[in-house]
Amino acid sequence: MTEAAMNDRATIDHLLQRVTAHLGVLYPDHDCEALAERIVDLFWPDKSQMIPRSEIADKHLWDESDVAMITYGGTIRSEGERPLRTLHRFLKQHIGQTIGAVHILPFFPYSCDDGFGVIDYLTVDEELGDWSDIEAIAADYRLMADLVINHGSSKSVWFQQFLSGEAPGKDYYYTADPAADLGQVVRPRAHPLLTPFRTASGDRHVWSTFSSDQLDFDFTNPELLIEFVKIIAAYIDHGIRIFRLDAVAFLWKKIGTPSINLDETHEIIRLLRTLMDHHAETLIIITETNIPNHENLTYFGNQNEAHVIYNFSLPPLLVHALLTGDALYLKRLTRSNPPALAGCTYLNFTASHDGIGLRPTEGVLPQGEVDQILVAIQSFGGRVSMRRGPGGTEKPYEMNISFFEAMQGTLDGPDEYQIERFMAAMAIMLALEGIPAIYIHSLLATPNGYEEVNRTGHNRSINRRQLDYDQITAKLADPETVEAQVFTRFLSLVEARKQQQAFHPNAVQFTLALPEGLFGIWRQSRERKQSIFAITNVTKEEKMLSLADINLIAGDQWWDLISGHIITDIEGDFSLSPYRTVWFSNVAPDPVQSSPA
């Protein structure tokens, strides 16, 4: 056996041992060595795509140039053209490489929830296009896709097999006795937890965390896990490199427990991380866990679970800061979030296809503060969705509103600062430790979609509008439109950000002790050559910043990366107009603008 062959064998044996260990936690009564061999063979039909443990740390996972856009495959439409091709055209013509990653929300055949009730995981919804369209986008952009792993559609072949008692689907869904102890189960919705179905073997009650058309899988069955390994392998073949594990916190169920964040759920993520880290392609796991922040942070594990976790507390706390002019709770978030260790980081965002979640504010934002912003959001045309808590009580779960509309005013009502307030939120998001992501409707300053809400009956539809390509193109071509102003200013901020090593997703972050109404962080590049002080006025009043208080290093020249202005007096006072952001850097912007601030 050659040395190369011996090394390959050692890599395979090491990987089999690790996978077997994961499976032993999940399925102690099964032949885990045989299951591990099946999984490894499915994930690596070509063993040359497997890399040894020693090379994992050298993978280039991300840097300061990484920014993502979130969109549905059918958000932008053009008559006579597949929506996925229209999306690709929009990306190439309007985004270019300013944004390098794209998250296309579920693009599979579905029966509900705008794609999150998947009927067939291995087919592209023919109304959107086909796999060739997905592969074309993946050739130009780093592609992120959803692995809707907690539940599937009641219209799927698997569920029809469950109803008829046929393999393999008959053993793929989690059922429970309605008389069982289910009182501790944590719910994200207000509908009943169990949905009754008449099956070939009698009446069965299927766990349905999100809706009666989205039936929860039973991962106590290892064959189901193997099905999802096949699905992941297929997605890799089609060019998908970032996997968003949808609703993964609810994955494993146990009667008599909260059935959220269970140890087995974490073990499945650890198993998937092991597989993806050893793949020759750079694959990334993002966990979608819209839960209180201290619970969300556990999905980093010991640098062995998610590569990236959503910073779910950021959107509601940004809304609170900018509607109240008080950054106290936003500062507490950035002070309390631990620095992400090597191989891990945060995904920072302001809005998504879902609403602005309120569970991530639990233990962070007092209820009185939550109530204030709920009143304001509803006055701006937003809606509030509820969830069922312990004992059957209903509690606010999320705010449903276009993020641009959420920025139309303060607690005092609408004002003239909507665009400035919106850009302040974007600038804060772009400056924070982590990878920034923007939802397409935020990028395009889309207003609330009331017709969509009336048509679907779902509050979340308010921020899921479909747009005409020609109309959007015309608006972006007119610098007087709100859409063009927001779009142009955001992409300009992104271009500025991408050049700064201090904005690397793992660069040092420290929250500044600034006066009321100001929010600021200090970022330092990993080589310690660049410092950036990112400071925002979160109020509609002019604020004075004492530069002496933030300790700009004497002997260095300082610039504002956003305006390009040179800072001439590092001991003086600096005026921040309402909602203005500055990025003070000791490395010059490119190109350098020499006018003093």
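I looked up how β13 and β15 (residues 394–400) pair, and found that they do so in the antiparallel sense over two bridges, where two strands count as paired if DSSP finds at least two bridges between them. Strands here are DSSP runs of E with at least two residues, and helices are runs of H or I with at least four, both numbered from the N terminus. I noted that this is a predicted model, in which local features need pLDDT of at least 70 and side-chain atom pairs count only at pLDDT 80 or more, while totals for chains, interfaces and linings use all residues. Residues are numbered from 1 along each chain as its sequence is written, and side-chain values use heavy atoms, with hydrogens and water left out.

Next I checked the partner of Ile356, which is Met399 in β15. I then traced the open sheet, whose three antiparallel strands come in the order β13-β15-β14; its edge strands, β13 (356–357) and β14 (383–388), each pair on one side only.

I turned to β10 (residues 284–287) and asked myself which residues lie on its two sides. Ile284 and Ile286 are on one side, Ile285 and Thr287 on the other, and all are buried, that is, under 20% relative accessible area with a 1.4 Å probe and protein chains only, against over 50% for exposed and partly exposed in between. I recalled that in a regular strand the side chains alternate between the two faces of the sheet.

Finally I followed the neighbours of β10: strand β9 (residues 240–245) pairs with β10 in the parallel sense over four bridges, with Phe243 opposite Ile285. On β11 (residues 308–310), which runs parallel to β10 and is joined to it by two bridges, Ile309 is the bridge partner of Thr287.
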